[in-house]
Amino acid sequence: METRVTIRIAFKLFASLSDYLPDGHRGNRLELEVDEGTTVADMIHRYRVPERSAHLVLVNGHFVPPAERARRRLAEGDELAIWPPIAGG
């Protein structure tokens with residue numbers, strides 16, 4: 001029998017992306033248990049965040065470029081934060 005290993009992470013969606021969090025959440029942050037080996041791209045897909053809307057992606061404050069998101073595995077205690085493109089004036 002295979003043992004399932006999970007890790008705890010924080011997942012934060014900012015601005016309009018917070019609409020992709022499940023109903024009943026408070027604020028823009030979720031504390032989650034995910035399978036070990038889960039990648040940044042896995043989380044973007046799991047919460048149906050459109051790729052073009054995942055503009056600024058940070059793990060523990062470090063930028064994760066689009067080309068690395070499918071390879072960047074999350075670790076125990078990581079904080080994944082995602083912002084949409086921001087229009088300013």
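Which residues does arginine 69 touch, not counting residues up to four places away in sequence?

Reply: This is a predicted model. Arginine 69 touches Thr39, Val40, Ala41, Ile44, Ala54, His55, Val57, Phe63 and Val64, leaving out residues up to four places away in sequence. Its place is in the loop between strand 4 and strand 5. Arginine 69 is buried, yet has no salt bridge. The nearest side chain of opposite charge is glutamate 51, 4.9 Å away.

Strand 5 (residues 79-83) pairs with strand 1 (residues 6-13) in the parallel sense, over four bridges. Here leucine 13 has isoleucine 82 as its bridge partner. Strand 5 also pairs with strand 3 (residues 56-59), in the antiparallel sense and again over four bridges. There leucine 56 is bridged to tryptophan 83.

Next, the core. The largest nonpolar core has 21 residues. Phe11, Leu32, Met43, Val57, Leu74, Leu80 and Ile82 touch the most other members. Strand 1, strand 2, helix 1 (40-46), strand 3 and strand 5 each supply at least two residues of this core. The largest share, four residues, comes from strand 1. In general, nonpolar side chains tend to be buried together in soluble globular proteins.

Phenylalanine 11 shows how these elements meet. Leaving aside neighbours within four places in sequence, its contacts are Leu21, Asn28, Arg29, Leu30, Leu32, Met43, Tyr47, Leu80 and Ile82.

Threonine 38 lies in the loop between strand 2 and helix 1. At 4% relative accessibility, threonine 38 is buried. Its side chain reaches the backbone oxygen of aspartate 35 at 2.6 Å. Beyond four places in sequence, threonine 38 touches Met43, Arg46, Arg72, Arg73 and Leu74. Met43 and Leu74 are core residues from the list above.

Arg72 leads on to the charges. The side chains of arginine 72 and aspartate 78 meet in a salt bridge at 3.7 Å, N to O. Arginine 72 is partly exposed, at 29% relative accessibility. Aspartate 78 is buried, at 8%. Salt bridges with shared partners join Lys12, Arg29, Glu31 and Glu79 into one network.

Arginine 29 and glutamate 31 form a salt bridge, with closest N and O atoms 2.7 Å apart. Glutamate 79 forms another with arginine 29, at 2.8 Å. The latter pair links distant parts of the chain: glutamate 79 is in strand 5 and arginine 29 in strand 2, 50 residues apart. Arginine 29 is partly exposed at 36%. Glutamate 31 is partly exposed at 44%, and glutamate 79 at 27%. The whole structure holds six salt bridges.

Conventions. Residues are numbered from 1 along each chain as its sequence is written. This is a predicted model: local features need pLDDT of at least 70, side-chain atom pairs count only at pLDDT 80 or more; totals for chains, interfaces and linings use all residues. Side-chain values use heavy atoms; hydrogens and water are left out. Two strands pair if DSSP finds at least two bridges between them. A nonpolar core is a set of buried Ala, Val, Leu, Ile, Met, Phe, Trp, Tyr and Cys residues joined through side-chain atoms within 4.5 Å. Buried means under 20% relative accessible area, exposed over 50%, partly exposed in between (1.4 Å probe, protein chains only). Contact means heavy atoms within 4.5 Å. A polar contact is a pair of N or O atoms within 3.5 Å; within protein, one must be able to donate a hydrogen and the other to accept it, and residues adjacent in sequence count only if both atoms are side-chain atoms. Lys and Arg count as positive and Asp and Glu as negative; His and the chain ends are not counted. A salt bridge is a side-chain nitrogen of Lys or Arg within 4 Å of a carboxyl oxygen of Asp or Glu.
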